[in-house]
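Me: I would like to learn how to read a sheet in a protein model, going slowly from the terms to the case itself. Could you take me through it?

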Amino acid sequence: MWLVGAGPGDPGLLTVRGLRALEGADVIVADRLGARSVLDGLAADGVELTAEIVDVGKLPGHHAVPQDAINALLVQLARDGKNVVRLKGGDPYVFGRGGEERAACRAAGIEVEVVAGITSAISVPAIAGIPLTHRGVATAFTVATGHDQIRDLGGGRDHTVVLLMGVGTLANSALTLARGDRGADCPVAIVEDGFGPGQRVTVGTLATIAEQAAVRGIRSPAVVVVGDVVRLSPYAPDALTTLDLTTFDPLAIPAERPTGKTPAT
């Protein structure tokens, strides 16, 4: 069995190794997000896959096929002598339950080869012009889900927070993060339907983002980015684009500390 990351939904971001696995598959067990749009995109580009496609897609708050049933299906298909590709959106090991599926197959004596995918946690902010780290602005990032308890998540605005599946709990997450060192005026961006036809970017602060999301009718799938790196986005309003990055060359070898203005906070 192959456990393949489909990436964020653009077939151009599927790895070559992942494509080769799909071309050799007898059965493709596919997720809804990312995976199905990649399969549709490949077909539109003239890539012919001969495999049977089994849809086990999950909607927010509703699992069309329970995880235990997916595990059992993968084991049964492999035992039937099929070349099986489990195609998952993003990367299988980033909030994708890929580790559980691999463990279930290994416990049944089935070898699994994992093909990493490009996670939406990095690629979707990138299309909005947001790097998760940037010299002089952010030195680390954390990826969490909106369902997690983020109360103990440390760091300030130089520690970027990426929330996946976080739209439903956005108001609570924003309030929780605003109470910490980041503060209520910390920049926030929401990127909806990254790489999809409904792609849209909303930028605000921890104090305003929940109301903005309600007014704009923001829906999943969406990636939420919190931190000063949001100021680097071309979608950020003028009031938030206050970082001064003119005092150093990001391509130069840092031989000495830059002089002049420091980045605004």
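Reply: Let us begin with a term: two strands count as paired if DSSP finds at least two bridges between them, and strands (E, at least two residues) and helices (H or I, at least four) are DSSP runs numbered from the N terminus. This is a predicted model, in which local features need pLDDT of at least 70 and side-chain atom pairs count only at pLDDT 80 or more, while totals for chains, interfaces and linings use all residues. Residues are numbered from 1 along each chain as its sequence is written, and side-chain values use heavy atoms, with hydrogens and water left out.

Me: In what order do the five strands of the open sheet stand?

Reply: Strands of a sheet pair through backbone hydrogen bonds, either parallel or antiparallel. Here the order is β8-β9-β12-β10-β11, with mixed pairing. Because β8 (140-145) and β11 (200-205) each have a single partner strand, they stand at the edges, and one side of each is left without a neighbour in the sheet. From one strand to the next, the twist averages 20°, where axes are lines fitted to C-alpha atoms (for helices over the stretch in contact) and angles run from 0 to 180 degrees between N-to-C directions.

Me: Which strands run parallel, and how many bridges join them?

Reply: β8 and β9 (residues 159-164) run parallel and are joined by six bridges; F141, for instance, has T160 in β9 as its bridge partner. By contrast, β12 runs antiparallel to β9, with four bridges, and antiparallel to β10, with five. V225 in β12 is the bridge partner of V162, and A189 also stands opposite V225.

Me: Which way do the side chains of β12 point?

Reply: In a regular strand the side chains alternate between the two faces of the sheet. In β12, A222, V224 and V226 point one way, whereas V223 and V225 point the other way. Five of the five residues of β12 are buried (under 20% relative accessible area, with over 50% being exposed and partly exposed in between, using a 1.4 Å probe and protein chains only), so the strand is largely enclosed by the rest of the structure. For the protein as a whole, 45% of the 265 residues count as buried.

Me: Which helices pack on this sheet, and at what angles?

Reply: A contact means heavy atoms within 4.5 Å. Helix α5 (residues 120-127) lies across β8, β9, β10 (187-192) and β12 (222-226), running at about 80° to β12. Helix α7 (residues 209-216) packs on the sheet as well, touching β10 and β11, and its direction makes about 150° with that of β11.
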